[in-house]
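Subject: Structure handover

Hello,

Here is the structure for you to look over. My notes follow below it.

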Amino acid sequence: MTWLVTGGAGYIGAHIVHALLEADEKVVILDDLSTGLATRAPASVPLIKADVSDCAAVTAALRDYDAEGVIHLAARKDVGESVADPLRYYRENIDGLRSVLQAVTATGVRSFVFSSSAAVYGESAAGRVSESSPTAPSNPYGRSKLVGEWMLRDVSAATDLRHIALRYFNVAGAASMPLADIGETNLLPRLLRAVAEGRRAQVYGGRHPTPDGSCVRDFIDVRDLAEAHVAAALALRGGTVRQDVLNVGRGVGISVLEMIEAVRRICDVDLPADIVPARAGDPPAVVAIADRIRTVLGWQARHDLASIVSSAWSAVVTR
């Protein structure tokens, strides 16, 4: 079976592609390379440069490579950017998914793994969320992901499409230097970039209702996340799952200030920090209750915080 991975040249997508290959699955990448890197694609994997909103290109890719499953990651993901430019997020994330689903239904693809987000939960009073927790996203990015889940549910009800939506928590770490996160938005690469450039770290908000006043997040290693996608893909292909929504996290809350301290300790570096105004749309705390994914897919995270930070740091120092 061949899997079409949209956004497969991105940070997370590339790790998923490598994990699929290690599981002896066939893979094709479709990526517009607006943020992805062609160098992340293994030489053995076809790379189609196209935008997911180009339904004809997606349809052709599915037919040309006889793909029977899709892992859809291609999307915008910057919370602050989504607040400043919501229409871009509704256009690229929602209409992009609509285009892919149109291609999927036209070609008879039956298995679909969707990159969702913990941002669908919004500001949870308890900070710890399960798949049955209320969904009240506090920013356009989160709303675009929640609408994506609704779209999948509706399409699955009308067709024989099987799907799993994976709600990512905060992804970090790296399997190797070529696959490292070089984005501008995720916390850990921003901290490591500050170290490399001799700058002070910025902490967005110091008066959140959390133990130390900084935001609390659940950090999941990208290698674990990639393995979760493989488990989801195999479950869909095997028919053991018809449709589901699953949290992908460690179930451990780490504050921004705690992450800064972890970087100092694990990387043995100096990293001064400044508290700056909080960002609009940032929930104070979001931590996974990840029991259901263990039951449904037999998956659980293997890497701890030290492994996450040290792998990301190794990718930086060897670049």
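How many of the 6 residues of strand β4 (residues 67-72) are buried? The count is 5, so the strand is mostly covered (buried means under 20% relative accessible area, exposed over 50%, partly exposed in between, with a 1.4 Å probe and protein chains only). Strands here are DSSP runs of E of at least two residues, helices are runs of H or I of at least four, and both are numbered from the N terminus.

A word on the source. This is a predicted model: local features need pLDDT of at least 70, side-chain atom pairs count only at pLDDT 80 or more, and totals for chains, interfaces and linings use all residues. Residues are numbered from 1 along each chain as its sequence is written, and side-chain values use heavy atoms, with hydrogens and water left out.

Strand pairing

Two strands pair if DSSP finds at least two bridges between them. β4 pairs with β1 in the parallel sense, over 5 bridges. Ile71 in β4 is the bridge partner of Val5. β4 also pairs with β5, again parallel, over 4 bridges. There, Val70 stands opposite Phe112 of β5.

Strand β9 (residues 201-204) runs parallel to β13 (residues 273-276), joined by 4 bridges. Ala201 has Ala273 in β13 as its bridge partner. The side chains of β9 alternate. Ala201 and Val203 point to one face and are buried.

Nonpolar core

The largest nonpolar core has 37 residues. Such a core is a set of buried Ala, Val, Leu, Ile, Met, Phe, Trp, Tyr and Cys residues joined through side-chain atoms within 4.5 Å. Ile12, Ile71 and Leu297 touch the most other members. Elements that each supply at least two residues include β1 (2-6), α1 (11-22), β2 (26-31) and α9 (291-297). α7 gives the most, with 10 residues.

Aromatic pairs

There are 2 aromatic pairs in the structure (Phe, Tyr and Trp rings, the six-membered one for Trp, with centres within 6.5 Å; planes under 30 degrees apart are stacked, over 60 edge-to-face, the rest tilted). The ring centres of Tyr89 and Tyr141 are 6.4 Å apart and the planes are at 90 degrees, so this pair is edge-to-face. Tyr89 sits in helix α4 (residues 86-107) and Tyr141 in helix α5 (residues 140-158), so the pair ties together parts that are 52 residues apart in sequence. Both tyrosines are buried.

Tyr121 and Phe169 make a tilted pair, 6.4 Å centre to centre with 35 degrees between the planes. Tyr121 is in the loop between β5 and β6, Phe169 in the loop between β7 and β8, 48 residues apart. Tyr121 and Phe169 are buried.

Positive phi

Most residues other than glycine have a negative phi. Leu33, not a glycine, has a positive phi of about 65 degrees. Leu33 lies in the loop between β2 and β3 and is partly exposed, at 26% relative accessible area. Asp66 also has a positive phi, near 50 degrees. Asp66 is in the loop between α2 (55-64) and β4 and counts as exposed, at 57% relative accessibility.

Best wishes
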